[in-house]
Amino acid sequence: MFDTLSDKLESAFKNLSGEGKLTEINIAQSIKEIRRALVAADVNYKIAKEFTDKVKDQALGIRNVLNAVRPGELMVKIVMDEMIQLMGGQSVGINTTGTPGVILIAGLQGSGKTTFTGKLAKYLKEKKNQKVLVAACDVYRPAAIEQLTVLSEQVGVDIYKEIDNKNPVEISGNAVAYAKKNNYGVLIIDTAGRLSVDQEMMDEIAAIKDTISPSETLFVVDAMTGQDAVNTAASFNDRIDYDGVVLTKLDGDTRGGAALSVKYTVGKPIKFVSTGEKMDALDVFHPDRMAQRILGMGDIVSFVEKAQDQFDEKEAKRLEKKIKKNKFDFNDFLGQMAQIKKMGDIKSLMGMIPGMSKLKDVDIDDNSFDKVESIILSMTPKERTNPELLNMNRKKRIAKGCGRNINEINMFIKQFDQMRKMMHMMSKGKGMQQLMGNMPNMKGFH
Ligand code: GDP
């Protein structure tokens, strides 16, 4: 996420690393680079200028006070604080009060409204224990109703739809009545979008809003479109005065301009960010965590939260026992891979770990997991619980079974052995240095 921006900012800070202290000259120089980086990331020039002016004032103000802090670090801290402010300071939650709480989803076609509706339904159901109903009000694109039906089944929530009714205002009103009657806690209304902002669409969404008086209106926008995203967000807000923004497609090579400038330009907070097509690729937006990610400091808090969501204490205890006895086997390994996969896309997880975001060509992706999985699945149950059994004949059979060559099987088994050894040593509390010497090389599986 925002790799280019991160790199450019990093180089602006790096130039300060040889300096003993912040001076007017080196501040001016790095300010110029920071501004360039922001503009290249599609932040509007006026915003970038105002931002860097503030950073400059602060840097000049404290440069003689904080002598103990290195200039580069001081600058990173100042930029981070300003970035957090630019993106709204605090995380703002959504309002689901009401019986039911009604959430209206608006945005252009293709921005990711329907996908987000599915994700939000899942989030409210699983994280907020809500009984959720989604309603399909996109009557222009027949596939949209079908798409929401599939997603609602996937995330396990009910859907309200009227196949023959072509009046979205009427359908939305009916959906609210239906949700009320059937005691749903939250109703999410997915609406139609057009390819560009037009009067008819604005009238329609405004009429829906008037009819159902939602507790929350969210505007969904594709972050890849940069400044256009911000402009569209502004014109929608002028007309329907929504409560918050959802930025989608932050997993692509989004430059960051939209995330950084939407709050400033429109005055409405970003509430969620969407980072993939899977139903759990949704994050509550936190300005501080986003700033840390942009500045290459990873987002360890989100990572830990994701890990905690998946964490099963009993299973962890069971594994700990097995590792202590050096009995960790291929089945346990499969189980662990499944856990990691559940956390989402591997690359985006890596991006959250400080330092890891720098590894551009990490050799681990969902694909390498599939390959390892296919190797393990070609083993007999006995082999899976007794890795020691794997002799040459067995390895050849496994290679045939999963369609890989024998080298790949050998490499994987070697890595597995090393990992097992390492975990065993860790469980006995061996020193870190000794562990590093035994670190398996995870490269080669792709
Ligand atoms: P709608 O027309 O606004 O309802 O948009 P859709 O929900 O149908 O999304 C349009 C396309 O974008 C679909 O192919 C989605 O799978 C994809 N999409 C939606 N959100 C994301 C996201 O966060 N990341 C990526 N990579 N694709 C997304």
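How many of the 5 residues of strand E6 (residues 244-248) are buried? The count is 5 of the 5, so strand E6 is largely enclosed by the rest of the structure. Buried means under 20% relative accessible area, exposed means over 50%, and partly exposed lies in between (1.4 Å probe, protein chains only). Helices (H or I, at least four residues) and strands (E, at least two) are DSSP runs, numbered from the N terminus.

This is a predicted model: local features need pLDDT of at least 70, side-chain atom pairs count only at pLDDT 80 or more, and totals for chains, interfaces and linings use all residues. Residues are numbered from 1 along each chain as its sequence is written, and side-chain values use heavy atoms, with hydrogens and water left out.

Strands pair here if DSSP finds at least two bridges between them. Strand E5 (residues 216-222) runs parallel to E6, with 5 bridges. Val221 stands opposite Leu247 of E6. E6 is also parallel to strand E7 (residues 270-274), through 3 bridges. There, Leu247 faces Val273 of E7 as its opposite residue.

E5, helix H9 (residues 227-240) and E6 form a right-handed β-α-β unit. E6, helix H10 (residues 257-266) and E7 form a right-handed β-α-β unit too. A crossover is right-handed if, with the strands pointing away from the viewer, the path from the first strand over the helix to the second runs clockwise.

The loop between E6 and H10 holds Lys249 and Gly252. Lys249 is partly exposed at 30% relative accessibility. Gly252 is partly exposed at 28%. The C-alpha atoms of Gly252 and Phe2 are separated by 8.9 Å, although the two residues are 250 apart along the chain.

**Helix H8**

Helix H8 (residues 199-212) has 14 residues. From first C-alpha to last it reaches 20 Å, close to the 20 Å expected at 1.5 Å a residue. That expected span is 1.5 Å times one less than the number of residues. The buried residues of H8 are Met201, Met202, Glu204, Ile205, Ala206, Ile208 and Ile212. Their cover includes strand E1 (101-107), helix H7 (168-181), strand E4 (186-191) and H9. Contact means heavy atoms within 4.5 Å.

Asp42 sits in the loop between helix H2 (24-40) and helix H3 (45-62). Asp42 is buried at 18% relative accessibility. Leaving out residues up to four places away in sequence, Asp42 touches Thr225, Gly226, Gln227, Arg255 and Gly257.

**Aromatic rings**

A search of the whole structure finds 12 aromatic pairs. Rings of Phe, Tyr and Trp (its six-membered ring) pair if their centres lie within 6.5 Å; planes under 30 degrees apart count as stacked, over 60 as edge-to-face and the rest as tilted. Two stacked pairs are tabulated below.

| Pair | Centre to centre | Angle between planes |
|---|---|---|
| Tyr178 and Tyr184 | 6.3 Å | 25 degrees |
| Phe328 and Phe416 | 6.1 Å | 25 degrees |

The Phe328 and Phe416 pair links distant parts of the chain, 88 residues apart. Phe328 lies in the loop between helix H13 (313-324) and helix H14 (330-342), and Phe416 in helix H19 (residues 406-427). Phe328 is buried at 3% relative accessible area, and Phe416 is buried at 1%. Ring pairs join Phe328, Phe330, Phe333, Phe412 and Phe416 into a cluster.

In the tyrosine pair, Tyr178 is partly exposed at 35%, whereas Tyr184 is buried at 8%. Lys131 lies over the face of Tyr184, 4.4 Å from the ring centre. The charged end of Lys268 sits over the ring of Tyr242, 5.5 Å from its centre. A charge sits over a ring if NZ of Lys or CZ of Arg is within 6 Å of the ring centre and within 35 degrees of the ring normal.

**Backbone exceptions**

Most residues other than glycine have a negative phi, and most peptide bonds are trans. Asn183, not a glycine, has a positive phi of about 55 degrees. Asn183 lies in the loop between H7 and E4 and is exposed at 60% relative accessible area. Lys249 also has a positive phi, about 65 degrees. Ser213 follows H8 with a positive phi near 40 degrees. A cis peptide bond joins Thr99 and Pro100, with omega about -5 degrees. Pro100 is in the loop between helix H4 (71-86) and E1.
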